[in-house]
Amino acid sequence: MGIVRSLAIVAVVAAGTFGCLLAGESVVTAAFLGIALIAGSFIGLQHPTWLWWALAVVVALLPAGYVPGTPVPLIFTLTMAVLLATVIHPRDVTTFTPIEYALIAFVGVAGLSVVATLQSIDDVVEYVKWSGAILLVVALLRLRADQLRTFGQVFVVASAASAAVGLAMQTVDKSARTFDLLSPFGYDASSAGRFVFDGASVTARLSGTYIDPNAAGIGFLAALMISLLVFDGYRRWMLAAVLFAAVALTLSRAAIFSVVLALLLMLAFHTMSARGRAAIVGTLVGGMALLSAIPASRRRIFSSFGDGDTGSAARTDALREFPEKMSGHWLFGHGWGIAEFKDPEKAFTINYVANAPLLSVYRGGLIVGIVFTAIMIYACYLAYRCLRSSRPQVALYGGCFIAFFVLGMQLDFSTVSIPVSVTDLSLMLVFLVVALRNSGTSGPLGQPGPADGRAVVDDRLRSLR
C-alpha cells in the first residue's frame, strides 16, 4: 500500500505541474504549484482528515475561488484530494447505505449521456466536476461519526463567517475591497454585488464570496440545517439564527420558502407539545412580520409569481417551451458542456428551465432525470422518517430537506449545474443519513448509535487520522 500511495502522490504532483505549464503559466507559477501539491500530498498521506476540514472551509468561505495562478476551482481540487484520500487510506466505515449505491449508479448512468452527447472536452470537464461533488457523499460517509460532526461544525462556523463577510460587503465595504484581498483566489471587485430591480428601487442581495445570491441562499440553508445536528444548546440556536438571517438577506425565494414550508411540515407531521407548536407559530408569524417590515424583502417575497414578476414569467415560458426544446434530445439530453451552462448571456437568451429535475432531463436526458428524481424522492422518504422523530432538531432537518426538494429545487436549478450548489446538496444528503441514524437515540447527535454499521478500527489506524 505504501508504494501505491507514493506513486499516486508523484502522479498527482507531476500531472498538476505539467498541466500548469501546458496552460501557459510561468515556470515560477508551475514550481509554486508543484510545491503546494507536494505539501498537500504530504497532508493527504499523513493527516488526511485535514483535507476534509479544508474542504469544509473552502465550500463556505471561498466557493468561487481558484487555486492561485491556475484556472482550477479550489472546490474541485479539494474534492479530488478528498476522493483520492478516501481510496488510498483504510476506511473507518466499510458499510454502504442504499443512497450511496444509488448515487454511484447515478454517476454511471450520467456518464452514458456524456458519451452519447460528447462534443468537446468541456463535456468531460463538467461531468468530472459534477460527479466529484456527487461522490463526496460516499467519501464523507466513510468518516467516523465524531469526524463527521467535526466536519459539520467547521462548515457551519465557516458559513457564519461567510455571512458576516457578505454583510460587511453590503454595509461598510461597498467598494468590495474584500475581493481585492481575495484576488489571489480569482475574486474580482467588479463581480461583487447583486441587486433586485423593482421599478425605481434597487436592492442589494447578500451574496458575499458566493457571488451568486441564489447559490449563497442554498449554501446558507445547508449550513442552517447542519447546525441543527452538530451543535448543542445555545450555540445551535445562535448559529441557526445567524444563518437564517443570512438566508433572508440573500432574498433567495427558493431558500426562504423552503424554511417556511419546513416549519409548516413540522406543525403538520411532528408530534410535539402545545408549547412547541406555539413556538413554531410564533416563529412563523414573527419571521413573516419582520420580512414584511423590510421593504426590499416585502417586495421580493410578496410579489413572487405575480404578473409583474419577470422571473416567474420567464419560468412559465421555459416550462411551456420545454417539450419543444427537448425534441430529438429526450434520451440523452443536450449535453454537459453546452454554452447555456457556461455563458450567462447564452443562459439568459435561451431561458432553459429553472427547475432541478427538468434541468437534469435537459442536460442528461430522460433516464438521468428519472434516476435523479427517484433518488431525491427516496431521500425525502428518509427525511419524512426524520420528521417523525421525537427529537425536534432531527425533525426540523427532515422538514427542511423535504421542503427544499418540493419547493426550493423547483424554483432554482443550481443544485444540478453549479458545482458549489451540487456540493451543498451532497452535504445535505450526508447529514440526512446522520440525522436518520440519530433519530431514535437520546445521546449527542453525531455519535455512533448501536446499529450504526461502523467497523471497529484499532489505535494505529485512528492515529493516522
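Cysteine 386 is buried, with a relative accessible area of 0% (buried means under 20% relative accessible area, exposed over 50%, partly exposed in between, using a 1.4 Å probe on protein chains only). This is a predicted model, so local features need pLDDT of at least 70 and side-chain atom pairs count only at pLDDT 80 or more, while totals for chains, interfaces and linings use all residues. Residues are numbered from 1 along each chain as its sequence is written, and side-chain values use heavy atoms, with hydrogens and water left out.

**The chain as a whole**

- You're looking at 21 helices and 2 strands; helices (H or I, at least four residues) and strands (E, at least two) are DSSP runs, numbered from the N terminus.
- The chain has 465 residues, and 49% of them count as buried.
- Take the contacts with a separation of 6 or more: 73% of them come from residues 24 or more positions apart (contact means heavy atoms within 4.5 Å).

**Cysteines**

- Cysteine 380 is buried too, at a relative accessible area of 12%.
- As for disulfides, the structure holds 0, where a disulfide is a pair of cysteine sulfur atoms within 2.5 Å.

**Alanine 262**

- Look for alanine 262 in helix α11, which covers residues 253-269.
- Its relative accessible area is 0%, so alanine 262 is buried.
- Leaving out residues up to four places away in sequence, alanine 262 touches Leu396, Gly399, Cys400 and Ala403.
- Alanine 262 and isoleucine 402 sit 140 residues apart in sequence, yet their C-alpha atoms are 7.4 Å apart in space.

**Asparagine 355**

- Asparagine 355 is in the loop between α15 (344-350) and α16 (356-364).
- With 12% relative accessibility, asparagine 355 counts as buried.
- Its side chain is joined to that of glutamine 410 by a polar contact of 3.1 Å. A polar contact is a pair of N or O atoms within 3.5 Å; within protein, one must be able to donate a hydrogen and the other to accept it, and residues adjacent in sequence count only if both atoms are side-chain atoms.
- Not counting residues up to four places away in sequence, asparagine 355 touches Met409, Gln410, Asp412 and Phe413.

**Two positive phi values**

- Most residues other than glycine have a negative phi.
- Isoleucine 211 has a positive phi, near 70°; you'll find isoleucine 211 in the loop between β2 (201-205) and α9 (213-230), buried at 18% relative accessible area.
- Leucine 251 isn't a glycine either, but its phi is positive at about 55°. Leucine 251 sits in the loop between α10 (233-250) and α11 and is buried, with a relative accessible area of 4%.

**The second largest cavity**

- The structure holds 5 cavities of 30 Å³ or more; on a 1 Å grid over the protein atoms alone, a cavity is a set of points where a 1.4 Å probe fits but cannot get out, and lining residues have an atom within 4 Å of a point.
- The second largest cavity has about 70 Å³ of space, a volume being the space filled by probe spheres set on the points, which are joined across faces, edges and corners.
- Its lining has 13 residues, and Phe106, Trp130, Ser360, Arg363 and Val416 lie nearest the centre.
- α16 gives the most to this lining, with 3 residues.

Technical notes
1 Å grid on protein atoms, 1.4 Å probe; cavity = no way out; pocket = protein on both sides within 12 Å on 5 of 7 lines; lining within 4 Å.
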